[in-house]
Structures are given as structure tokens and as C-alpha cells.
Amino acid sequence: MDVSIAALLTQDGLTNGAIYCLIALALVLVFAVTRVIFVPQGEFVAFTVLTLAAFEQKQLPGTVWLSLALGVAAASADIVAHRREPGRMLRAIAGSAVPCLLSALLVWGVFATGAGWAFQVIATVVAVMAMGPAVYRVAFQPIATAPVLTLLIVSVAVHFVLTGLGLLFFGAEGARISPFTTVSFTFGSINVSGQSLLVYAFTAGLVIAMAVFFKVTLFGKALRATAANRTGARLVGVSPNFAGRLCFTLAAAIGAASGLLIGPITTVYYDSGFLVGLKGFVGAIVGGLASYPIAAAGAIFVGLVEAFSSFWASAYKEVIVFTLILPVLLWRSFNTTHHEEE
Amino acid sequence: MVRILSAAVAATLVATAAHAQIKVGVTLSLTGPAASLGIPEKNTIDLMPKKIGGLDVTYIVLDDASDTTKAVTNTKKLITEDKVDVIIGSTTTPNAMAMIDVVAEGETPNISLGGSARIVDPANPKTKWVFKVSQHDSLMADAIAVHAKAAGIKTMGFIGYNDAYGEGWLVEMKRSAETAGIKLDPIERFNRTDASTTGQTLKLMAANPQAVLIVGSGTPAATPHKELMGRGYKGRIYQTHGVGNSDFLRVVGKDGNGSFLPAGPMLSYESLPDSNPIKKVAKEYITAYEAKFGPRTTFGGHAWDSYIVLDKAVPVALKSGAKPGTKEFRAALRNALEGTKEVVGVHGVFNMSPTDHNGLDNRGRTMFMIKDGKWTLATK
């Protein structure tokens with residue numbers, strides 16, 4: 001191994017690490033606010049890539065049907081829950097199901113009118129974002145107060161349902177999207193692709209944007225309040241359902257962004273999201289599912305370990321990556337006091 | 001209660017009195033990692049005629065989710081509950097291996113679509129009931145070694161799936177390469193779900209062998225391929241017959257041009273000479289498939305071949321006088337399958353025997369080259 005190989009591996013590791021970092025941030029966000037370990041986070045990544053790839057191949061994205069299915073499910077849940085109060089029912093549906101249904105229409109419209117690349121990207125991101133609140137409404141809102149273990153099991157179930165729907169609507173084959181930029185820069189003997197610079201810049205930007213959002217904005221503060229104390233937040237007028245929907249929307253948006261970044265680098269399948277999500281999860285665990293900066297650093301470390309182990313011992317790459325979690329858990333178990341589930 | 005019982009008895013009587021029909025059980029990987037292989041196989045089952053040897057045929061298709069445990073459960077269910085006469089499937093080597101014990105115990109013939117030669121290893125007495133219609137990996141490895149040797153290649157790198165498929169190929173390729181005097185080094189692994197294969201590719205590039213063999217199935221095999229080309233690898237790239245679908249061509253794009261792979265002749269039947277009997281059979285199947293389901297895949301072709309050998313074996317088994325649905329018929333069908341001679345399928349010509357439950361020979365492999373994003377017959 002010489003310097004140039006090490007530099008290339010570092011670049012590869014940082015690029016993947018940045019994407020794991022986005023996922024880790026979304027996982028920490030969702031866990032902090034709703035106590036859900038959001039296994040299906042990776043699915044949003046996969047759906048974004050597959051939707052955009054379908055646009056590029058001039059096919060109607062399966063997202064139309066997926067969004068319709070999720071929208072109808074969310075609407076039915078609200079209709080049943082508020083069947084005696086039509087006013088409340090309509091307001092609930094407007095928050096949970098309408099974005100999904102409208103985005104299905106948007107995706108279809110962009111496809112039918114043959115609108116340009118920018119519109120395709122916008123429609124894709126909007127559609128994936130709208131899935132967030134619908135998923136929260138159908139799967140997690142009814143059991144928002146359940147123990148963490150129950151939420152985790154439901155989360156695994158949602159993962160299987162979304163993967164199944166992904167197979168149904170997008171098919172079993174993988175896709176790649178064309179890169180946003182083909183520019184590349186040369187530093188000495190090292191070639192850095194514009195796409196990977198874009199990934200770093202975007203990840204850094206998003207980390208800063210999230211910090212600002214939570215510190216400055218009212219919505220951010222509401223989410224932080226819910227994360228800190230659910231009952232307390234409710235007493236001062238923060239709706240936990242709203243907080244849940246908002247954080248799922250954010251998580252889906254981060255998923256969509258990761259999809260746009262990873263799509264040109266690798267082939268993505270309907271079930272690719274799980275492994276990407278799992279690696280982000282390893283990063284999030286390093287941060288104890290609570291600290292954003294440590295989770296981000298952990299995720300980037302995962303990316304680097306992955307790149308170097310694929311060079312030295314490709315057969316054991318995954319083993320090495322997932323074994324990372326053991327010393328971290330051991331260390332945390334010595335250093336943190338354990339709280340019993342209330 | 002009495003009424004329910006009598007209804008049940010009546011139903012049983014009606015079922016026995018119904019005219020004889022053949023039940024074909026099918027377990028395929030319609031979901032999970034091998035779904036891109038299993039779905040075209042399922043589509044092909046839909047194309048199969050509903051009559052074989054003058055008898056009505058019922059196809060019972062189950063999904064094993066690319067999971068060995070599920071494949072075994074499905075097989076047990078097909079044998080004990082549905083009482084099928086023959087089982088087609090499963091899609092992958094690990095699943096097919098797991099089914100061997102069950103079909104042997106249930107004395108039900110099994111036509112497997114998996115890739116590895118070990119599925120019908122004659123040294124294992126239980127494989128008496130198992131047949132296999134896809135080319136052995138050893139047959140394909142030989143084809144690559146012979147082709148590479150003819151081009152004067154002395155060193156070959158290997159990057160394969162980190163699973164039974166990759167492992168099977170590695171064993172066969174080591175043997176074939178040694179025979180052809182080719183050094184197989186370095187040996188790297190990757191996973192279907194890997195987002196990047198940069199590390200492995202850099203290692204291959206550093207060793208700079210004259211050729212690289214990529215062992216994967218479907219579009220994931222394009223990941224190392226694109227990476228090698230993107231980093232300016234100048235040697236020759238070989239793929240395996242696992243990439244025989246149009247999705248691979250779509251994903252690998254122009255980076256695929258100039259690479260080689262051995263595959264069944266059906267992949268590009270148009271380029272076969274008219275004298276080749278496979279051309280006609282493949283044309284019939286592919287025309288019907290493409291009209292209904294879109295571009296051809298070699299995996300669907302394996303499923304069609306399982307129908308072709310059944311279509312020839314069932315009339316022979318019926319001659320024995322045994323009735324479908326009985327143990328005797330299943331035994332007769334097994335014997336008939338074993339006696340398959342010169343049956344032309346879309347992937348080659350089948351000649352089975354007690355020691356060879358695959359029966360494909362050199363007519364079952366053709367070297368193809370990707371040229372302008374299409375499969376074409378390879379020259380050197």
C-alpha cells in the first residue's frame with residue numbers, strides 16, 4: 001500500500017461515511033423525539049434512487065402507487081380514529097395523508113408532462129418526504145406511548161412492509177442515477193471526483209442546518225422539548241403527534257438527500273436501504289443514539305474502516321464493520337448509568 | 001359435525017373421481033436477494049402449457065424468499081399437502097442444496113434451477129431424485145479458461161461474491177485455470193449489497209493481472225466492473241453466466257463493451273446458425289416471453305428447460321401404467337427424467353444418465369462478448 005492507494009481509500013471511505021453520517025443523524029433525530037429505532041430509514045434512500053432512475057429511463061416511477069398506497073392507508077387510519085368528529089378527521093388527514101396523495105399526483109404529472117431534470121428531482125424529494133408522516137401515522141402514532149422494544153418490533157415490521165412494497169412497485173433489479181457533476185479535480189497524484197466533494201459539502205451543510213434548526217427555530221425547539229420530556233412538552237402545548245410527524249418528515253427528507261448523493265456512486269436495489277441503514281446505525285450507536293456530533297464522527301469512522309478492510313481483507317469486510325459495535329457497547333456499558341424502562 | 005364430516009368425505013371422493021391430472025410444485029425465490037432471478041422464472045411458469053402428455057397440469061407456485069428454511073418448508077408442504085408429482089426449483093444453489101434431503105425422503109423428483117454442480121453430485125446417493133437444468137459452474141469455468149488461454153492470458157484476477165455462488169466458482173476456476181496454465185491471483189470478494197468495491201479494485205489494479213474474472217449475478221456484478229473501467233484497467237474482463245439479463249447491460253452501460261462471458265446459447269439465439277437445433281426452440285420461447293414480460297433472461301430460460309424435459313419425460317412415465325399422484329408414478333417419472341436423451345432445450349441439449357443428472361455438454365455454453373451494449377458471439 002502506497003500513499004496514493006491510501007488516499008483513494010480515504011476518499012472512498014469518507015464518501016460512504018458521509019452518507020452513513022446522514023443516516024445516523026436521521027436515526028438519532030427519530031429516536032430522540034419518538035424513541036423509535038427507525039430501521040426503515042434506508043428504504044427512503046432506496047426509494048429516492050429508484051424513483052429518479054425510473055424518471056431517467058422514461059418510465060412511470062412506482063412511487064406513484066407507493067405514495068397512493070401509503071396515503072390511502074394513512075387516510076383510512078384517520079377516518080377510523082376520528083369517525084365521530086369530521087372536523088378533526090379532515091385536519092388529521094390533511095397532515096398525514098394529503099401530502100402523500102398530492103405527491104403521487106406530482107410525480108405522475110412530472111412524468112406525464114416530461115418535465116426536466118430539476119422537476120424530476122423536486123418531485124422525487126417531495127414524494128419521499130411525504131412518505132415520512134404517512135408512515136408515522138399508520139405505524140407509530142397509535143402506539144406512541146408503547147415501550148421502546150414494542151416500537152422497535154413495529155419498526156422492523158414497517159421495514160419488511162416497505163421492502164415488500166418496494167419490490168412490488170420498483171421490481172427486483174437495481175438502478176443508478178446519472179451523476180450531478182462529472183467534474184473532477186487533481187491534487188498532485190490524487191484524483192477527487194466532483195460528486196464526492198458534493199457529498200462532503202452537502203453533509204457538512206446539513207449538519208450545520210440541523211444545528212441551527214434545533215437551536216433557533218420554534219419547530220426545532222418543539223422537537224427538542226418532546227425529546228427531553230414528552231409529557232412536559234405536551235403540557236406546554238406541543239402536540240406529540242405533530243412532533244412525531246415533523247421528525248419523520250425530516251428523517252425522510254434526509255433519506256431523500258442521501259439517496260440523491262449515493263445514487264450516482266452505486267447501484268441501488270429495492271432492499272439496498274437496509275444495509276446502508278445498518279451501517280448508519282452502527283455510527284449512531286457510537287453516539288449512544290443521543291449525540292449528533294459523536295454519531296456523525298462514528299458514521300464517518302465506519303465508512304473509513306469499511307474502505308480499508310475491503311482492501312486488506314475483502315472477505316471479512318462486513319464482519320469487521322459490525323464487530324466495531326462490540327467494543328463501543330462495552331465501553332458505554334461501563335461509562336453510563338443504566339435507566340430502567342419506565 | 002356429522003354434516004361437516006360427510007361433506008369432507010364427499011369432497012375427497014369427488015377429488016379421487018376427477019380425471020387424472022399432473023401436479024407440478026414450484027418453489028422459487030420471488031422475493032429477497034435472488035428475486036431478480038426468481039421473477040423471470042415465475043413468469044416462465046406462467047407461459048407453460050396447461051397440458052403435458054394429454055393430461056391437465058396444475059402448477060402450484062410458492063415463494064421461498066431466497067431463504068433456505070423457507071425453501072425446505074415449501075418443499076415439505078408441496079410433498080405432503082399438495083401431493084405433487086414433481087417439484088421445480090429452487091432458484092439458488094443454497095436453497096437447492098437444502099431441498100435435496102426433503103425430496104429424497106418424499107421420493108419426489110426435483111428439477112433444480114440452481115447453478116452449482118454439487119446439487120446433483122453423483123457421489124451423494126440422495127441426489128438420485130434431483131435433476132438440474134442449468135449449466136454446471138465447472139462447464140462455464142472451463143469455457144473461460146480455454147478462451148483466456150487462446151488469447152495468451154497467463155494471469156487472472158478474481159473478484160467474486162462472498163457466498164456459495166462465489167465460493168463454488170472459485171473452486172472450479174482454480175482447477176480450470178491451473179489446467180490452462182493460468183495463475184489466479186489476487187482473489188478478492190465482494191457482496192451483492194456493497195455500495196463500493198474501491199478497496200478490492202485498487203488491489204486488483206495494483207497486481208495488474210492480464211484479465212479479471214468477476215463472479216456475481218445480475219446487476220451487482222456491474223459494480224466492480226464499472227469501478228475497474230473507471231480506474232483505467234486495460235486488461236480483459238470476464239463475467240459469468242450469472243449476468244445474463246438486460247438489466248446488467250443497462251447498469252454496466254458502455255463500460256461493459258469488450259468484456260466476455262460464457263452463457264447458454266439462448267442469450268443471443270439470433271446469432272446462432274440456422275443449423276443449430278437450439279435456435280428454433282429458443283426463438284419460440286423467447287418470442288413468447290418477450291411479447292408478454294419484456295427482455296429475456298437466462299434464468300427464465302432454465303425454467304423453460306425444466307418444462308421441456310418434463311414434457312418429454314411425462315409421456316414415458318405414463319406408459320408405465322402408473323397413475324399421477326401415486327408413489328409409482330413419481331418413481332416412473334424419475335426414471336424417465338434420468339433417461340432423457342438428446343432433448344433440445346433453450347440452454348443446450350440434455351443427455352442424462354444415472355451418473356449425470358444435468359446432461360448439458362459443450363453445446364450448452366457459448367462465449368459472448370458485449371459489443372455496443374448488446375450480447376454478440378465472441379471471437380477471440
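Axes are lines fitted to C-alpha atoms, for helices over the stretch in contact, and the angle between two axes runs from 0 to 180 degrees between N-to-C directions. The exercises below use this on a predicted model.

**Exercise 1. Describe how H2(B) and H11(B) pack against each other.**

Solution. 

Step 1. Two packed helices are described by the angle between their axes and the distance between the axes. For H2(B) and helix H11 of chain B, which covers residues 298-319, the axes come within 7 Å and the crossing angle is roughly 40°.

Step 2. Angles under 35 degrees count as roughly parallel, and 65 to 115 as roughly perpendicular. H2(B) and H11(B) are therefore oblique to each other.

Step 3. The handedness of the H2(B) and H11(B) crossing is right-handed.

Step 4. On the H2(B) side the contact residues are Leu37(B), Pro40(B), Glu41(B), Asn43(B), Thr44(B) and Ile45(B). They meet Phe299(B), Gly300(B), His302(B), Ala303(B) and Trp304(B) of H11(B).

Step 5. Sorted by class, the residues of this contact are six nonpolar, four polar and one charged.

**Exercise 2. Describe the crossing of H1(A) with H7(B), and state which residues make the contact.**

Solution. 

Step 1. An angle over 145 degrees counts as roughly antiparallel. H1(A) and H7(B) are therefore roughly antiparallel to each other.

Step 2. H1(A) passes H7(B) in a right-handed crossing.

Step 3. H1(A) contributes Ile5(A), Leu8(A), Leu9(A) and Asp12(A) to the contact. H7(B) contributes Thr198(B), Gly199(B), Leu202(B) and Ala206(B).

Step 4. The classes in the contact of H1(A) with H7(B) are five nonpolar, two polar and one charged.

**Exercise 3. Which elements of chain B supply at least two residues each to the side that touches chain A?**

Solution. 

Step 1. Begin with the counts: 26 residues from chain B and 25 residues from chain A take part in the contact.

Step 2. The elements of chain B that each supply at least two residues are helix H2 (35-47), strand E8 (183-190), H7, helix H8 (222-230) and helix H9 (246-252).

Step 3. H7(B) gives the largest share of this side, six residues.

Step 4. By class, the side of chain B that touches chain A holds nine nonpolar, 13 polar and four charged residues.

**Exercise 4. Check the radius of gyration of each chain against that of a compact globule, then describe the chains.**

Solution. 

Step 1. Chain A has 342 residues, and a compact globule of that length would have a radius of gyration near 20 Å. The value for chain A is 20 Å, which agrees.

Step 2. Along the principal axes, the C-alpha atoms of chain A fill a box of roughly 70 × 55 × 35 Å. The C-alpha trace of chain B spans about 80 × 45 × 40 Å along its principal axes.

Step 3. Chain A has 15 helices and two strands, whereas chain B has twelve helices and 15 strands.

Step 4. In chain A, 49% of the residues are buried; in chain B, 58% are buried.

Step 5. Of the contacts in chain A with a separation of 6 or more, 75% join residues 24 or more positions apart. In chain B, 68% of the contacts between residues at least 6 apart in sequence join residues at least 24 apart.

Terms used
Residues numbered from 1 in each chain as written. Chains lettered and ligands numbered in written order. Predicted model: local features only at pLDDT ≥ 70, side-chain atom pairs only at ≥ 80, totals over all residues. Helix = DSSP H or I, 4+ residues; strand = E, 2+ residues; numbered from the N terminus. Left-handed = near helix turned anticlockwise from the far one by under 90°. Contact = placed C-beta atoms within 7 Å. Nonpolar A, V, L, I, M, F, W, Y, C, P; charged D, E, K, R; others polar. Rg over C-alpha atoms; globule rule 2.2 N^0.38 Å. Buried ≥ 20, exposed ≤ 12 C-beta atoms within 10 Å, placed from the backbone.
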